[in-house]
Amino acid sequence: MLVARPVPERTGAMDMVSPPPEPPLRVALVGAGSVGTAVAELLARRGNDIVGVASRRTSSARRAAIRLDAPVVEASSLPPCDLVVLGVPGAVIPGVAASLAPPSGTAVVTHLAGAFGTAPLGPAAGHGYLPLALHPVQACPDTDTALRRLPGSAWGVTCAPDLVPWAHRLVTGQLGGTPVDVAEGDRPVWHAAAAVTANGVAALLADAEAMLSAIGIAHPQRVLAPLAAGAAANAAEGGGGAA
C-alpha cells in the first residue's frame, strides 16, 4: 500500500459516530460524468446496488441510469443508501452537498475531485453524512476507457482518521485501486502533480506530432506513441529523473 504522508488527526470533517456499512453497499450517483459513471459501474460489478442516478442534465442521468440499470432520482430525495458518489465538478461540490437530504442511517458521501479534500463536503457532513474525498490518478476521456484504466490506479484518500480503514477497503476491494493517504492541506499539490503529468505529456506529444507533420510524416502519432509508452515505462521503473 502506498502512503504519501500521515493524515492529521483532524481534517475538518465531523467525528465519526458509528462505522459505515460494509459491502454490498447501496450506492447513489449524483453527477453522471465519465468518471462517476465508471466508479458506479465498477461498484455494481462487485455486487453493490446502484439505487439511483441524479444529474443536472436529464439526458445524462437517463444515459447513466440505463447503463447502471438504476432509476433516475433527484439529489434532494435520494433513496436510502450507504454511499453517495458525487461525480460533479469541484466548483459545484458544496452546493450539491448542501442539496442532499439527511441520510436515513450511517452513510458516506464522497467526491472525486483531486484538488479538494473534505471541506467542500461540509454541508453534507452537517446533514449527517461521513465525508470522504477520493481522487483516481488516471486519464479518463470517457466511461469505457475509465472502466479499463481505473483498476490498478492510485486513489488519493482524505477523510477523518476513523474512516480511513473503510475508505482503503473500498478502494482496494471494490474499485481495484491503490489507496494513498493525502492530508487535507496537501490536496492542491496532489492534484497539481497529476495535472502536470497528464497535461504535460499531452502537450509534448502534440508539439512532437506537429514537428513530424511539418516534414511530411503521415500519422505521426503512430511513430511517437511507442516512444512515449517506452519513456513512461522507464519513468515508472526508475522515476522521472532516472528516465
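Here are legends for a few close-up views of this predicted model.

**View 1. Helix H2 and its buried side.** H2 spans residues 58-68, and Ser-60, Ala-61, Ala-64, Ala-65 and Leu-68 are its buried residues. Look down the helix axis and these buried residues fall within an arc of 130°, so they line one face of H2. What do they sit against? The buried residues of H2 pack against strand E1 (26-30), helix H1 (34-45) and strand E2 (49-54).

**View 2. The largest pocket.** This pocket has a volume of about 790 Å³. Its lining takes in 25 residues, and Gln-138, Ala-139, Ala-194, Thr-197 and Ala-198 lie nearest the centre. Strand E5 (130-136), helix H7 (187-214) and helix H8 (220-242) are the elements that each give two or more residues to this lining. H7 provides the largest share, with 11 residues. By residue type, the lining of the largest pocket splits into 18 nonpolar, 6 polar and 1 charged.

**View 3. The second largest pocket.** Here the space comes to about 420 Å³. There are 21 lining residues, with Gly-31, Ala-32, Ser-55, Arg-56 and Arg-57 nearest the centre. Helix H2 turns up again: the largest share of this lining, 4 residues, comes from H2. Sorted by type, the lining of the second largest pocket holds 11 nonpolar, 6 polar and 4 charged residues.

Conventions: Residues are numbered from 1 along each chain as its sequence is written. This is a predicted model: local features need pLDDT of at least 70, side-chain atom pairs count only at pLDDT 80 or more; totals for chains, interfaces and linings use all residues. Side-chain values use heavy atoms; hydrogens and water are left out. Buried means under 20% relative accessible area, exposed over 50%, partly exposed in between (1.4 Å probe, protein chains only). The arc is that of the directions from the helix axis to the C-beta atoms. Contact means heavy atoms within 4.5 Å. On a 1 Å grid over the protein atoms alone, a cavity is a set of points where a 1.4 Å probe fits but cannot get out, and a pocket is an open set with protein on both sides within 12 Å along at least five of seven lines; lining residues have an atom within 4 Å of a point. Grid points are joined across faces, edges and corners, and a volume is the space filled by probe spheres set on the points. Ala, Val, Leu, Ile, Met, Phe, Trp, Tyr, Cys and Pro count as nonpolar, Asp, Glu, Lys and Arg as charged, and the others, Gly among them, as polar.
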